[in-house]
Amino acid sequence: MILGDPAAAAPYHAARRARVMREIASRPFDALLVTSLVNTRYLSGFSGSSAVALLTAGGAWFLTDFRYLEQAAREAPGMALERVNDLAEGLGGLLARLEVRTLGFEAEHVSVAKLAKLRQGCPNVEFVPTEKIVETQRLIKDEAEIGTLRALVAMLETAMPAARELIRPGAVERDVAVELEYRLRALGGDGPAFDFIVASGARAALPHGVASSKAIEPGEVVTLDWGVKGWGYYTDTTRTFTIGAVEPRMQEVLRVVNEANLAALDAVRPGAELRAIDAAARDLIKAAGYGDQFGHGTGHGVGMVIHEEPRVSYISTGVAEPGMVFTIEPGIYLPGIGGARVEDMALVTGNGLEILTRGLSKDPLWLAR
Ligand code: ZN
Ligand code: ZN
């Protein structure tokens, strides 16, 4: 695992910083202050909870306090380490030394109060708001990131037979979620990527029906939306199960959702409009008469954040590019009755796609066969 080994990961972090440094060279400021912890980790490898990065067109500095010095030296070996007691003061000193006059900051990640404090500590510096400089780089996953996502999905594959056994008549939704969380941790994951959705019967009509104290009953559909996090990355996948024979309408809903999932996956290739990928699923669901019951986008990017760019929806404007990873998760929700969703993680490749979650069976009839 590249990202589990600072020495192996260092060249990837250096390449990411180099791309941001090139970007800075073309912008109207001397340096970029990276305050988002996720972006700081992306550029450095540092997994702690307090640090900022400063990048210029020619160098990269890592600022943290006493508590994290040792960890930063180990995890972020490629950056110049600066110990600060007070961030604003320490930053002010560094900027003066580097003769930085204009400083880009991440407008989406700095509170008004924090900005006021930074300005106080750096009185002779002009602050320039920026947006999504690092996030834009994060859209395209590198080999180290893709390897991490593969390793996490492999944990889900290993735990899948347990999911199959656990989701049975009489089982309580919450117990299923807790047991799967435990198994994923035992397999080496850092924990659940989010509160698992285990939604049975009428609860399957809730797109975000977090596992409750309800028991699963024969004749119900059960939606399992789960994922594991590790090495700073998230995974997200959904399968819908049937507990014995379910009513014909729910069988039809399941069939349509499966077809919509496959149609959208089929539309994924480099250059494809994200809107068109959404339409591939949406048109099929509309044609089956369930258009109003599919009220969310078809997918979202997933990486260091569970929901990130790009969005795959009818209002998306971008196109799929090699290295993007996003979910394809059409669903149909019938209030008071039930619902279904099937969610895969797709990696856009040079000539098509790789379905990262292809090893997770879509056969809903676990208990019937
Ligand atoms: Zn999900
Ligand atoms: Zn999702």
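Asp30 sits in the loop that runs between α1 (6-25) and β1 (31-34), where helices (H or I, at least four residues) and strands (E, at least two) are DSSP runs numbered from the N terminus. The model is predicted, so that local features need pLDDT of at least 70 and side-chain atom pairs count only at pLDDT 80 or more, while totals for chains, interfaces and linings use all residues. Residues are numbered from 1 along each chain as its sequence is written, chains are lettered from A and ligands numbered from 1 in the order in which they are written, and side-chain values use heavy atoms, with hydrogens and water left out.

**Asp30 and its surroundings**

- Asp30 counts as partly exposed because its relative accessibility is 34%; buried means under 20% relative accessible area, exposed over 50%, and partly exposed in between (1.4 Å probe, protein chains only).
- Leaving aside residues up to four places away in sequence, Asp30 touches several residues, among them Ile24, Leu55, Glu99 and Arg101, a contact being heavy atoms within 4.5 Å.
- The Asp30 side chain also reaches the backbone nitrogen of Arg101, at 2.8 Å.

**The site of the zinc ion (ligand 2)**

- Asp236 (OD), His300 (NE2), Glu329 (OE) and Glu343 (OE) coordinate the zinc ion (ligand 2) at 2.1 to 2.2 Å; donors are N, O and S atoms within 2.8 Å of the metal (3.2 Å for Na, K and Ca), and sites may look incomplete because water is not among the atoms.
- The angles among the four donor atoms of the zinc ion (ligand 2) run from 79 to 158°, and the site is irregular; four donors count as tetrahedral if all angles lie between 85 and 135 degrees, four count as square planar and six as octahedral if opposite donors are over 155 degrees apart and all others between 65 and 115, and anything else is irregular.
- Asp236 coordinates both the zinc ion (ligand 2) and the zinc ion (ligand 1), which are 3.1 Å apart.
- His300 lies in strand β12 (residues 299-301) and Glu329 in the loop between β14 (325-328) and β15 (331-334), so this pair ties together parts that are 29 residues apart in sequence.
- His300 counts as buried at 6% relative accessibility, and Glu329 counts as buried at 9%.

**Helices α1 and α2**

- α1 packs with helix α2 (residues 37-44) at an angle of about 115°, their axes being 6 Å apart; axes are lines fitted to C-alpha atoms, for helices over the stretch in contact, and angles run from 0 to 180 degrees between N-to-C directions.
- His13, Arg16, Arg17, Arg19 and Val20 of α1 meet Arg41, Tyr42, Leu43 and Ser44 of α2.

Key. A polar contact is a pair of N or O atoms within 3.5 Å; within protein, one must be able to donate a hydrogen and the other to accept it, and residues adjacent in sequence count only if both atoms are side-chain atoms.
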